[in-house]
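Subject: Structure handover

Hello,

Here is the structure we talked about. Please open it first, then read the notes below it.

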Amino acid sequence: MLQEAIEALEQGYRSKARNLLTGLLRADENNPDYWLWMSAAVETKKEQVFCLKKVLKLDPDDARARYGLTIHGELPPTEPVTPVPPPRLPIWTIEAQKGEPLTPRNYLRVLPYMGAGILLVALIMFGIFGNRLLGIWAGQAPTPTFNLPPTREPTATMLATSTQVVRSPTPTFTGPTPLWMLLEATYTPTPLYVNTPHPTTEAYRAALRAYAREDWDQVVVYMQQVLELEPTAVDAMYYLGEAYRHMGQYDQALTSYNHALTINPGFAPAYLGRVRVQLVKNPNADVTEDLNKALNADPNFGEAFLERALYYLKINQPEAALDDLRTAAELLADSPVLYYYRAQTLLALDDIEAALENAEYAHTLDFTLLPVYKLLGMLYLTANQPDKSLGYLQTHVLYQPDDAAAWVLLGKASFAKAGYTQAIAAFDQALDIDNSLSEAYLYRGLAHLQINETQAAHDDLSTAQRLDPNSFEASLGLGRALLAEGKAGDAYIQFLHTEALVTNNAQAAALFYWRAQSLEALGEITAAIADWQALLELPTEVVPSEWQNTAESHLLAMTPTTLTPTHTSTGTSAPIASATTTRTPSPTSTRTATPSP
């Protein structure tokens, strides 16, 4: 059953895998391998974390589960799986710190606390095992329970069959390998900006421990205790704002940052926190002033350079972003986030080769940084390497199944590999998440065309054109679907509409190729000859060899005694006939940027 579940995962049938693994866990809920594979079968992050914590409960030394929890931000590399609040100092320690001897009288003062502690432990143990004990006393054998959190109704999830890395947890396992099993190193988070000693209270140290394990509720509690004793502690006020920000309580976060800046107007990270909150509340907010204030207050604040670079990239100033990233590289030498941002910036500058180099380096520094998988998938797809793209995108959607844009990329990579059925399944996933994605309808329609599902193609391409009326690809695709349905007249009319959307020679070539076929089907031979000839007069680099051969053979068939077509054009002439004047794209920049070692 386990092998069948793994094979179901490999084929993308998560629902089937979950059912099989549920049966296994009902039979043996103490098998950590079952829980580990269940973490790859469930849909949500909450469920994955639940399963991984079960693994660690059964096997505290399981490095795979620790890596998985690290990926989800639930566990630093050296943190236990179930963090406990920092203990209060025992009363006898407090007395000793006051300089009082540990007399028998002091020990007597401890006894009530010890008794209460023993009673509390007894109650907890009875709460955990009471039902089973009662069942045993009543003569009933305990039955195993399976307490996986409820899941939403699943849909078939397509996983690419080509994975980039296969490293199985045991020699007999096959199938898609969970991401944490691939890790050779985990990313060390950016150190705290400030860690000022606060000798007057244990609460500050407890708050930082809670901060490290991302227990934001506890951070709030402890930092509020600090501020009761030290109301001018600017760092405590800042960390209180950070906790509120991570909890999604943005108004409280903004109030805390503002209070911190009232205490100390030169406290740089408070400006950065304010920037992040403003952008969440209003993605179009102009945060330049606060970013500049942060860097004026601390010219060595690497995170602020990263944030400003990301903001420049957002407002379409990639050159300015690249300048900030160069400075950040001097301050954050081996930050994977730095190279991830640099790859995004270089992509915006159309330097695909350098973007790939930086993204790969970010991936080498931190295998757990999931956004890099998506970026690498996009970059390899742009570089016309769908084989490499598939593995990265499969991994990304495995851990971020609600990312519609990633499913579209995965569908396009499968389409490029002629995996049309897999592509359709990926686009189905994308449209289940967001049914307004014109690109998903476009490529799903084209995939349906490739496997002769003409009605489905017509429906999808019609929707794509409605959502994006200026899309040349959607308009041309709809004409192709009509032609495939045998509606040559409707197809020709659609191609006439498409003609107004032509912007380059490659699009002109596609229009001539398909419109000539609709004209032939209508018996308009003279017009068809004109389109075939126009296709052959375009620059050779924009006309696929298959189209060239088709055009020549059709021309020979229609004018066998008067025409001997040869395709010799090597210039950059614009499309002829009635197509719109075209613009030849500028060549891609060849500048490269080598990541710092």
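Lys487 is partly exposed, at a relative accessible area of 37%. Here buried means under 20% relative accessible area, exposed means over 50%, and partly exposed lies in between (1.4 Å probe, protein chains only). Lys487 forms a salt bridge with Glu485, with the closest N and O atoms 4.0 Å apart. A salt bridge is a side-chain nitrogen of Lys or Arg within 4 Å of a carboxyl oxygen of Asp or Glu. Glu485 is also partly exposed, at 21%.

A word on the source. This is a predicted model, where local features need pLDDT of at least 70 and side-chain atom pairs count only at pLDDT 80 or more, while totals for chains, interfaces and linings use all residues. Residues are numbered from 1 along each chain as its sequence is written, and side-chain values use heavy atoms, leaving out hydrogens and water.

How many salt bridges does the structure hold? There are 22. One joins the side chains of Glu4 and Lys16 (3.7 Å, N to O). That pair links distant parts of the chain: Glu4 sits in helix α1 (residues 2-10) and Lys16 in helix α2 (residues 14-27), twelve residues apart. Helices are DSSP runs (H or I, at least four residues), numbered from the N terminus. Glu4 is partly exposed at 37% relative accessibility, and Lys16 is partly exposed at 40%.

Glu303 pairs with Arg276 in another salt bridge, the closest N and O atoms being 3.4 Å apart. Glu303 is in helix α14 (residues 302-314) and Arg276 in helix α12 (residues 268-281), 27 residues apart. Arg276 is buried, at 17%, whereas Glu303 is partly exposed, at 25%. Asp33, Asp62 and Arg64 form a network of salt bridges.

Next, helix α17. This helix (residues 352-365) has 14 residues and reaches 20 Å from its first C-alpha to its last. That is close to the 20 Å expected at 1.5 Å a residue, where the expected span is 1.5 Å times one less than the number of residues. Its buried residues include Leu356, Asn358, Tyr361 and His363. The buried residues of α17 pack against α16 (336-348), α18 (370-382) and α19 (386-399).

Last, a lining to look at. Which helix gives the most to the lining of the second largest pocket? α24 does, with five residues.

Best wishes

Conventions:
Helices (H or I, at least four residues) and strands (E, at least two) are DSSP runs, numbered from the N terminus. Contact means heavy atoms within 4.5 Å.
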